[in-house]
Amino acid sequence: MAVDPRRTRPLWATATAVLALAALSACGGSGGADPVGAPATSNAATSSAAAPTAVAPTDATPPPAKGKLRGYGTVRQLSETADLVVRGEVEPAGFRVDEVLRAANGASVNAGTRITLASLPGGVPDMAHMSALEPGQVAVLYLAKDPAASTFRTLSGDFGVFDVIGAGDDAVAASRSQAMAVSGLVSEDPAASGHGFRTTLGQLRAVAAQAR
């Protein structure tokens with residue numbers, strides 16, 4: 001009996017498809033094979049991703065500078081910071097107070113009193129650029145009181161020293177230093193910074209009286 005080839009072709013095609021599916025099933029069920037195209041991930045890479053390296057903070061506050069003096073821009077700043085503002089004369093044994101322009105924070109001094117002036121703490125680099133108060137010099141001093149002793153020191157060295165000639169309101173008052181000097185009475189003048197400052201005794205009196 002002859003077999004029609006047209007009837008056997010579908011049977012061979014069906015059998016071939018079944019065998020192919022069986023082979024794919026056998027490969028997919030094996031536990032040792034990785035899926036095609038899936039890259040293997042190493043344990044080292046997983047650990048690195050799970051534990052990122054800590055970064056040290058960069059915005060930490062730097063330690064404050066030591067041995068530096070505060071600068072003052074105006075006479076008002078000096079007046080409001082000082083415990084005592086006085087006019088008088090330097091003597092061998094201290095400073096004779098002839099006039100008290102301002103007293104604050106418990107500092108109590110009367111005209112005619114002699115006060116002891118202390119130098120700035122040692123180790124301040126700016127001291128090399130400061131002048132010395134010599135007997136016979138007449139000045140207005142902006143002073144800070146030592147809380148542990150009955151002595152005073154000028155605010156930031158030469159910043160707190162104005163040389164004065166005369167006692168009237170029109171008497172000239174000039175900063176002791178050119179560089180370590182204010183640049184204005186109540187507001188700073190950048191153009192005058194570093195060139196010293198000149199005013200009158202009357203102006204120093206007025207600013208000291210208005211200080212808070």
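1. Quick definition before anything else: a salt bridge here is a side-chain nitrogen of Lys or Arg within 4 Å of a carboxyl oxygen of Asp or Glu. Keep in mind that this is a predicted model. Searching the whole structure turns up 9 such bridges.

2. Start with Arg87 and Glu99, whose closest N and O atoms sit 2.8 Å apart. Arg87 belongs to strand β1 (residues 84–91) and Glu99 to strand β2 (residues 94–103), so the bridge ties together parts 12 residues apart in sequence. Both ends are buried: Arg87 has a relative accessible area of 12%, and Glu99 comes in at 18%.

3. Follow Arg205 onward and you reach Asp169, with 2.5 Å between the closest N and O atoms. Asp169 is in the loop between β6 (161–165) and β7 (172–175) while Arg205 is in helix α4, so this pair ties together parts 36 residues apart in sequence.

4. There's also a network to check: Glu89, Glu91, Arg96, Asp98 and Arg114 are joined into one by salt bridges that share partners.

5. Val182 is 111 residues from Gly71 in sequence, yet their C-alpha atoms are 8.2 Å apart in space.

Key
Residues numbered from 1 in each chain as written. Predicted model: local features only at pLDDT ≥ 70, side-chain atom pairs only at ≥ 80, totals over all residues. Heavy atoms only, no water. Helix = DSSP H or I, 4+ residues; strand = E, 2+ residues; numbered from the N terminus. Buried < 20%, exposed > 50% of the residue type's maximum accessible area, 1.4 Å probe, protein only.
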